[in-house]
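Please read the points below alongside the sequence and the structure.

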Amino acid sequence: MALLELAGVTKRFGGVAALTDVTFNVETDEVLGIIGPNGAGKTTLLNCVSGVYHLDAGHLSFDGTRLDGMAPHAIARLGIGRTFQVVKPFQSMTVRENAAIGALFGSAQARMPPKAAFAWADEVLELVGLAPKAASTVGSLTIPDRKRLEVARALATKPRLLLLDEVMAGLNPVEVDAALDIVRRIRAGGVTIVLIEHVMRVVIGVCTRAVVLHMGQVLAQGSPHDVLRDRRVIEAYLGEKYAKRVAGDS
């Protein structure tokens, strides 16, 4: 049984279909990349999985448990953690306190008394490279560090499945390399990962499989190398002219 199953997932906003009949599985221990043009429905998909949006059709299952219709906090307690594109840490708290929030209010395995929660927060901050800044205020953090904190807070919930929404957007190449190492370490710790990413070096570097969304539908899925050579994917990203040129070079 797949860890996460999506079958016919459909979400509409008024008369606009953001997702239409999206169907794929996420296997245990894999890193699945969700790619596609802006407006393809990628973040909407994560919002459906995490319970922010309710489905208009289809269903979602996590380790055999139906997710559609469940509240976000109930889904988090099952073991699904996530980050958001726009990071919103608790400004009045320290880095350590922000991470501990995940341990205090996360999955059933993560919810622990304060002393244990802060000890776990320290471990997570070490994993993402923020341990030296644990006592710092959030306002003193750079954008890359705030993204790391977002990952740390999600990890502190002790998820079995982690949803990462463009955590590497805006990072320079050195920062991307550091973020790739963090993703590899998270996976090595036994966490299954679904990530939305526009940086193709990231998709090729850490993803075992990729799903391409275009206009709210699955355009292609398979290994990152195969997907990124697919003519339909090239057209969706770079246009017909570029696709013809690639075909002529091959």
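This is a predicted model: local features need pLDDT of at least 70, side-chain atom pairs count only at pLDDT 80 or more; totals for chains, interfaces and linings use all residues.

**Notes on selected strands and helices**

1. Strand β4 and strand β5, the latter covering residues 65-66, run antiparallel and are joined by 2 bridges. The hairpin that they form has 2 residues between the strands, and within this hairpin aspartate 63 takes a positive phi near 50°.

2. Strand β4, which spans residues 57-62, also pairs with strand β1, residues 4-13, in the antiparallel sense and over 5 bridges. Within β4, leucine 60 is the bridge partner of leucine 6.

3. Turning to the helices, asparagine 98 belongs to helix α3, which runs over residues 95-105. Its relative accessible area is 0%, and asparagine 98 therefore counts as buried, the cut-off being under 20%. When neighbours within four places in sequence are left aside, asparagine 98 is in contact with Pro89, Phe90, Met93, Val138, Leu149 and Arg153.

4. Is valine 128 buried or exposed? Valine 128 lies in helix α4, made up of residues 114-128, and with a relative accessible area of 1% this valine is buried. Its contacts, again leaving aside neighbours within four places in sequence, are with Arg148, Val151, Ala152, Leu155 and Ile182.

5. A separation may also be checked in the model: valine 128 and aspartate 145 stand 17 residues apart in sequence, while their C-alpha atoms are 9.2 Å apart in space.

Technical notes. Residues are numbered from 1 along each chain as its sequence is written. Side-chain values use heavy atoms; hydrogens and water are left out. Helices (H or I, at least four residues) and strands (E, at least two) are DSSP runs, numbered from the N terminus. Buried means under 20% relative accessible area, exposed over 50%, partly exposed in between (1.4 Å probe, protein chains only). Contact means heavy atoms within 4.5 Å. Two strands pair if DSSP finds at least two bridges between them.
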